[in-house]
Amino acid sequence: MPISLSQKEKIWESVLSLLKETIEDRHVFDSFFATTKLYKIDGNKFIILTTSKLSYTFLSSRYLSSIENAVKNVTETNYSISFINQDDIQSSIQTMGEEPKHNFFQSCSLNSKYTFDNFVVGNSNQEAVQASLFITTSPGESFNPLFIYSKSGLGKTHLLHAIGNHIKEKRPFYRVLYITTDAFIDEFVKYVRGNQQDESLKDFLKTVDVLLVDDIQFLSEKNKTAEMFFNVFNFLISNGKQVVLTSDKSPNELKGLDDRLVSRFNMGLSVNIKNPDVDTCIEILKRKIEANSLNINDFDYDGLVYLAENFSRNVRELEGALNRLLFYKINSKHTSKIDVDTIMESVSGIKAIKDKSKTLTEERIIEAVGDYYRLTEEQIKSKVRTSQIALARQICMYLCRNLLNTPFVQIGKIFGGRDHSTVMTAVEKVENLLKTDTQLSTAISQIKKSLQ
Ligand code: ADP
Ligand code: MG
């Protein structure tokens, strides 16, 4: 497998420094070891270049296992070690082992800014992170392909780059290719338009050790491109190369894709990323605030909870909202803490919040529930605990949450200053009742209808 000259030098330098610690006789080290080089890594073979026949025989007969251990230590791979003597090589070693030049996928590259270090782990994404980390320890050996799916903005692309960056860090000589499905389709179209006999794109893809393909759902209905992908995919998997795919749907939900591909995708492991919970969102906010050299304590905690609750469906939007807030913080010469109202105001122009207020409001929900149960707005918002009023109030809270995703804190404020745990309990209660109580579910569906 081709690797660059500087990568080879780095690896070999590390192996030699490890060996130096174990070889007692300095003369032996200087004369036999220090004169060697890493010739190339080819698949499972780690080939060492010696400068004389004597050194070739000496090292291969006496020091094979020490070298094997040192190589394993540095590369975390069980390579089979072999030697080649300089005289036996015709071509110059300077040019050997460099990455072959190619013009494919010029628009795609690994983005070093996406790493495991800056990916916040919570219940919603833990399985995906564990599976991703797992495959970086032994690419191609298990969970192949790894299929990561989720709605947009929940970290699939981030994880894909993190996998690539991590593998490259541990195994600099691995050929890791990150591509988007769009870029793959573009390259394929170019390839078909050009010389059909030219197999260079396919051949190129078959040389990679790790193939990371983002947004594979775009392959739907692209039969010819999918056929080519199927071919490359099978080749890589059957040769023990790691493939990781992301998609906005699970393999079985991918419509318009060849069944053979779907069943191949199901051969490995599929993991789903769900919406992050509030704590995870707060942690994401905290990290991004710190990355901007600010302190989380400069912001009212309830305000951050407000952002977390409003934008938890999409981390990209959560970041957008935070950027607005940071912009605000940096531009306003406030030295004091940014309070909850200011935080709410700073994001009030964001589409997600505007859309919500245009179509449906908490007030309209209260009105509709009141109409249904013949209660006034005051009665619903009051502290009265008679069973029907209490139920109507709980239904209102449930609908505010369910239809508007209104933060619990805010619902509590609307309903006479109740705290957020009371609201949570009320919402849960309605959710549970709905499982068995048909009268309630009829009522709620009629109220929902009246709101449309
Ligand atoms: P997707 O590919 O699923 O649409 P991305 O990977 O592009 O989502 O994520 C959108 C943005 O949110 C990126 O900037 C990413 O860094 C960030 N992000 C998503 N999840 C997390 C997380 N758990 N921790 C930190 N940042 C995250
Ligand atoms: Mg993405």
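Guide: A residue is called buried when its relative accessible area is under 20%, exposed when over 50% and partly exposed in between (1.4 Å probe, protein chains only). By that criterion 46% of the 452 residues of the protein are buried. This is a predicted model, in which local features need pLDDT of at least 70 and side-chain atom pairs count only at pLDDT 80 or more, while totals for chains, interfaces and linings use all residues. Residues are numbered from 1 along each chain as its sequence is written, and side-chain values use heavy atoms, with hydrogens and water left out.

As for the interior, a nonpolar core is a set of buried Ala, Val, Leu, Ile, Met, Phe, Trp, Tyr and Cys residues joined through side-chain atoms within 4.5 Å. The largest such core has 106 residues, and those with the most contacts inside it include F33, F46, F229 and L307.

Leaving aside neighbours within four places in sequence, F46 has contacts (heavy atoms within 4.5 Å) with residues including I11, W12, L38, I41, V71 and Y79. Across the protein, 75% of the contacts with a separation of 6 or more are between residues 24 or more positions apart. Along its principal axes, the C-alpha trace spans about 100 × 55 × 40 Å.

Terms used:
Chains lettered and ligands numbered in written order.
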